Amino acid sequence: MKTLVSVYAGSPKNYAFEPVFNGQSAFARVVEWINYLSTQPELQLHGGVIFTIPEYKDVMEEGAKQCQVPLTVLTGDFTSVSSFLAALDSHKGDCTSIIHSRYSCPFYDGQLTKELFNFHHKYAAEYTFAEGWPEGLAPVVVNGSTVSILKTLSETKDFGSVGRDVFFDVIRSDINSFEVETLMAPEDMRQYRLDFSCHSKEGQVACAKLFQAILEDVGSAESPEFAHALTANNLASKAIFMPSVLRTVPAFYNVQISAACPGTCSYCPYPKAYETAFHHSPSEAPEKNPQCFMKLEQFKALVPAMAELSGEAVVSLSLWGEPLAHPDFIGFVEAVLAQPGLSVLIETDGSLVTEELSQKIRSVVNSAPPRTNGHPPIMWIVSLDSQNQQMYQAMRGTGSESWPISHDKAQTAFQILHRDFPGASYVQFVRTKTNEEQLEDFYRSRKDCGGLIIQKYDNFLYCMPDLQVADLSPVLRNPCWHQRRDLVILVDGKVPLCREFLFTEYYGNVFSQSLKEIWQNGQSMPFMDECEQCDEYYTFNF
């Protein structure tokens with residue numbers, strides 16, 4: 001029984017090659033893991049194959065020289081599932097088992113790999129994976145013969161690009177035909193959504209912080225306790241109590257570029273909060289508020305700092321107010337898309353969406369460089385919340401005389417955007433006690449069209465009525481996703497604690513301080529008394 005180790009390195013990201021682990025890179029640590037596997041008799045590791053892009057050929061070949069089993073380096077375009085499976089099938093030879101890994105995971109646990117491998121063969125599985133541990137601590141095991149079957153299946157339809165679950169992405173298309181086994185962790189830690197791979201800057205920072213903490217605990221990488229400290233169970237149990245690992249770099253920038261909106265949405269706290277602060281309706285903001293719109297030049301100076309700090313992120317231009325009301329809206333989209341690691345998110349009521357605007361944005365997207373963050377260049381969410389005008393009016397009002405909104409306008413807007421941005425346009429239904437009766441019809445009428453979001457109701461620290469239909473919060477409170485991943489920026493550059501604090505509790509201003517400084521200030525951000533009342537801590541933005 002021969003085993004092959006497969007290493008996928010088909011992504012044009014170089015975080016895995018930076019020596020942030022006491023002088024080692026993530027890829028160098030993957031090579032160390034392979035060397036450990038080669039010393040385990042039960043695995044019968046015959047050799048390995050690395051699938052990489054031409055840019056990484058030299059570094060991969062250098063790594064292969066450090067390996068105690070022969071590693072074949074294949075260069076080419078293996079980004080599609082079909083091309084990867086075809087290449088793996090042609091190079092697996094007579095190996096009966098394949099241990100598949102990624103080049104960017106510095107914490108692969110050799111003992112856990114052995115346990116997974118033995119579990120796979122004990123239950124005569126065709127595909128086996130570990131569940132409950134953070135991502136990046138265990139590989140997957142797949143039979144050589146199963147790879148041949150999956151290769152044939154991948155030729156029948158487009159399974160997209162290679163992801164971390166590349167084999168299962170094909171298996172689940174005919175799930176009952178395969179014997180799949182799952183090795184469960186002693187404690188389920190999926191709710192923390194940790195990913196210990198250096199596939200992104202966020203992941204690299206988390207891995208480096210955790211490694212450094214382990215090193216400080218044991219004193220030296222040569223210490224006998226060091227290897228034990230790097231086991232999957234120990235890493236996971238330590239990480240969930242480390243703020244520097246849980247909160248790395250922003251993944252979601254929620255930016256208010258426009259203070260103006262129709263101002264009649266019944267479930268939104270913004271109109272009342274705005275009127276209290278500025279003494280007029282947000283529908284009147286363009287005429288009465290000199291700071292109604294963020295200056296494009298200020299934003300253009302800010303965007304490169306976002307890319308430098310985060311590497312990859314989503315930038316929403318829709319925090320409070322209708323972003324399409326900004327006279328320079330297209331310029332904001334262009335500024336974000338000039339950075340390959342950033343994508344744009346637009347939430348709109350649809351009242352200002354036109355054929356002309358959509359085509360202009362389509363042109364901007366087509367001219368932008370390809371994204372490196374795994375998201376489309378631009379994503380659209382149209383707030384609909386209803387099946388007809390009567391319910392739409394109950395939920396969102398009719399707008400103002402100068403700025404009317406309606407169900408038909410929102411519906412037409414979605415049709416335009418869905419046509420021009422397929423796979424990246426959504427209608428949203430915020431579920432409340434008011435419109436709950438229409439939820440099933442709304443879902444059934446749209447589920448086959450794609451682009452559907454059912455959003456939970458947010459009472460904004462109980463400043464809004466209790467309209468929540470169901471309590472979805474976990475039994476135990478997790479660390480707040482939004483404090484971990486979001487950076488909220490108001491139109492004047494002020495940064496509140498989070499979206500729930502509309503015009504209070506600021507801890508910086510992006511137009512007078514660096515983003516990095518502000519984000520570091522937030523590391524010691526206090527857990528406010530109001531946070532205990534918040535129902536948003538378990539929701540997740542990208």
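## Surroundings of Lys433

Beyond its neighbours within four places in sequence, Lys433 is in contact with Asp466, Leu467, Gln468 and Val469, where contact means heavy atoms within 4.5 Å. The backbone oxygen of Asp466 lies 3.4 Å from a polar atom of the Lys433 side chain; a polar contact is a pair of N or O atoms within 3.5 Å, in which, within protein, one must be able to donate a hydrogen and the other to accept it, and residues adjacent in sequence count only if both atoms are side-chain atoms.

Lys433 itself is found in the loop between β12 (425-430) and α18 (439-446); helices (H or I, at least four residues) and strands (E, at least two) are DSSP runs, numbered from the N terminus. The C-alpha atoms of Lys433 and Ser220, which are 213 residues apart along the chain, are separated by 58 Å.

## Basis of the model

The model is predicted, with pLDDT of at least 70 needed for local features and 80 or more for side-chain atom pairs, while totals for chains, interfaces and linings use all residues. Residues are numbered from 1 along each chain as its sequence is written, and side-chain values use heavy atoms, with hydrogens and water left out.

## Helices α13 and α14

The axes of α13 (residues 296-310) and α14 (residues 329-337) come within 9 Å and cross at roughly 10 degrees, the axes being lines fitted to C-alpha atoms, for helices over the stretch in contact, with angles running from 0 to 180 degrees between N-to-C directions. That crossing angle makes α13 roughly parallel to α14, a term for angles under 35 degrees.

Leu296, Phe299, Lys300 and Val303 of α13 meet Gly331, Phe332, Ala335 and Val336 of α14. By class, the residues of this contact divide into 6 nonpolar, 1 polar and 1 charged; Ala, Val, Leu, Ile, Met, Phe, Trp, Tyr, Cys and Pro count as nonpolar, Asp, Glu, Lys and Arg as charged, and the others, Gly among them, as polar.

## Helices α15 and α17

For α15 (residues 355-367) and α17 (residues 407-420), the axes come within 10 Å and cross at roughly 25 degrees, and the two helices are therefore roughly parallel to each other. Glu355, Ser358, Gln359 and Arg362 of α15 make the contact with Ile416, Leu417, Arg419 and Asp420 of α17, a set comprising 2 nonpolar, 2 polar and 4 charged residues.

## Overall dimensions

The protein chain contains 20 helices and 16 strands, and its C-alpha trace spans about 75 × 55 × 45 Å along the principal axes.

How values were computed. Angles under 35 degrees count as roughly parallel, over 145 as roughly antiparallel, 65 to 115 as roughly perpendicular and the rest as oblique.
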